Amino acid sequence: MNELLLRLADIYAGENIRHPQLRAVTLAQWMLESGRATSKLATEHYNFGGLKWRKEMAAYATRVLYQAHDGDEYYCKFATIENFINGYWAFLNRAPYSGWEEHIDSGEDFIRFIGPIYTPKPSYPDDVLVLVKEAQRLLSAPPRTHLVAAVAAVNLGTVVIDPGHGGTVKVGGSSPNNATSASGVKEKKLALDFSLILRDELLRQATASSQTIKVVLTRTTDVNVGITDRAQVAASEHARAFLCLHFNGLDDTTISGAETYFRAASNGNLNLQADIKFANAVHDGLMAGMRAVNPTAKDRGVKPDSDSGPGSLGVLNDAALGNTPANPRCASAYIEAEFISNPKVDKILISGADAIANRTQVMASVATAIREFLAGA
């Protein structure tokens, strides 16, 4: 099964939409439009619905020139899968689809109303409806929070990835969002997308290298999780490594660069040398990936969390991670992958035509660094 389609289903299953009874039929529609998430529009631009650019979509997407079967035309490019989902429903609120909310009693009624407007092919509604049962199975599957690469000769253990922020309210010291990109995309959405890509890269690389690795995310949808609860996932999973992923943002949009934090000795680190080694490994992988897509990417270095704004990062707390003086098993690090408020960074990683390919390359480099650390630790 296509990993991108599974990611789309995972996220859509957890999204709060106005008419949840239409969730399966719309996922089926996107499966049809995108060839089950294999089209270039889907893989390069998170456009699973073949949505052409309209000015009303500016709050959800940027425009990209795309060569479709009927010639070059501007289409919507979405920075995250969540943006696509919200953008699709906004797309239907345009004049051509007026009256669709009078056809929401069933998925069939809905698609038979919007189908002829969306695509003039006479069989289009029936083609969508054929895929509804498959869409229902994807949506009803348990959330893929825990994934394991195929059993192989070398077991790397468990790594926990923590996408920063989420939701709409502060929970357990975790704010719903901090930074916003130059093109208007929230940090929480990017943190989740990058983390999902990192998860899938870890699994793909491990399988290709005859390794077993278990990857656990602290969240896979737009929910907030308390700081201590995030770290405690590592404890409950007996993780060997914990990586928290965030992005920076400032009013000064000229600032850019990546930085990585480890728990400072002054903050009671029980695992200092392992944390420093892990933080350096992750940061080197991050910088190698960033410089592959942006040769001028700035390296802001590896730092103790005593140098962070708060002076201490709660997700790196050893007790919460399950570390004890006798058994400090889990190495941890916290990356601020870039300043998304910088327009150049935004274009490279968020809104530009190659943004999804670029972020995948960056996360693949981080995944390699994590696997090499675990193999040598």
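This is a predicted model: local features need pLDDT of at least 70, side-chain atom pairs count only at pLDDT 80 or more; totals for chains, interfaces and linings use all residues.
## Helix α12 and its cap

Asparagine 342 caps the N-terminal end of helix α12, with one of its side-chain oxygens placed 2.9 Å from the backbone nitrogen of lysine 344.

Within α12, the buried residues are Val345, Asp346, Ile348, Leu349, Ile350 and Ser351. The elements that cover these buried residues of α12 include the strands β1 (62–68), β2 (71–77) and β9 (331–339), together with the helices α8 (187–208), α10 (272–293) and α13.

## Serine 351

Serine 351 belongs to helix α12, which covers residues 343–351. Serine 351 has a relative accessible area of 19%, and it counts as buried because that value is under 20%.

The side chain of serine 351 is joined to the side chain of aspartate 346 by a polar contact of 2.5 Å. When residues up to four places away in sequence are not counted, serine 351 touches Thr62, Lys77, Ser183 and Asp346.

## Where α12 meets α13

Two packed helices are described by the angle between their axes and the distance between the axes. For α12 and helix α13 (residues 355–376), the axes come within 6 Å and cross at roughly 90°, so α12 is roughly perpendicular to α13. On the α12 side the contact is made by Lys347, Ile348, Leu349, Ile350 and Ser351, and on the α13 side by Ala355, Asn358, Arg359 and Val362. By type, the residues of this contact of α12 with α13 divide into five nonpolar, two polar and two charged.

Asparagine 358, which lies in helix α13, has a relative accessibility of 14% and therefore counts as buried. Leaving aside neighbours within four places in sequence, asparagine 358 is in contact with Val293, Ile348 and Leu349. Asparagine 358 and methionine 290 are 68 residues apart along the chain, while their C-alpha atoms are separated by 8.3 Å.

## Alanine 331 in strand β9

Alanine 331 has its place in strand β9, and with a relative accessibility of 2% it counts as buried. Apart from its neighbours within four places in sequence, alanine 331 is in contact with Arg240, Ala241, Phe242, Asn271, Ala274, Asp275, Phe278 and Phe373.

Between alanine 331 and alanine 13 there are 318 residues of separation in sequence and 32 Å in space, taken from C-alpha to C-alpha.

## The pair α1 and α2

Helix α1 (residues 3–14) and helix α2 (residues 23–34) pack with their axes 11 Å apart and at an angle of about 155°, so that α1 is roughly antiparallel to α2. The crossing of α1 and α2 is right-handed.

In this pairing, Leu5, Leu8, Ala9, Tyr12 and Ala13 of α1 meet Arg23, Thr26, Leu27, Trp30 and Met31 of α2. The residues of the contact of α1 with α2 divide into eight nonpolar, one polar and one charged.

## Helix α9

In helix α9 (residues 227–236), the buried residues are Arg230, Ala231, Val233, Ala234 and Ala235. These buried residues of α9 pack against the strands β4 (154–163), β5 (211–217) and β6 (241–248), and also against helix α11 (318–321). Histidine 238, which follows α9, has a positive phi near 55°.

Technical notes: Residues are numbered from 1 along each chain as its sequence is written. Side-chain values use heavy atoms; hydrogens and water are left out. Helices (H or I, at least four residues) and strands (E, at least two) are DSSP runs, numbered from the N terminus. Buried means under 20% relative accessible area, exposed over 50%, partly exposed in between (1.4 Å probe, protein chains only). A polar contact is a pair of N or O atoms within 3.5 Å; within protein, one must be able to donate a hydrogen and the other to accept it, and residues adjacent in sequence count only if both atoms are side-chain atoms. Contact means heavy atoms within 4.5 Å. Axes are lines fitted to C-alpha atoms, for helices over the stretch in contact, and angles run from 0 to 180 degrees between N-to-C directions. Angles under 35 degrees count as roughly parallel, over 145 as roughly antiparallel, 65 to 115 as roughly perpendicular and the rest as oblique. Ala, Val, Leu, Ile, Met, Phe, Trp, Tyr, Cys and Pro count as nonpolar, Asp, Glu, Lys and Arg as charged, and the others, Gly among them, as polar. A crossing is left-handed if the near helix is turned anticlockwise from the far one by less than a right angle, and right-handed if clockwise.
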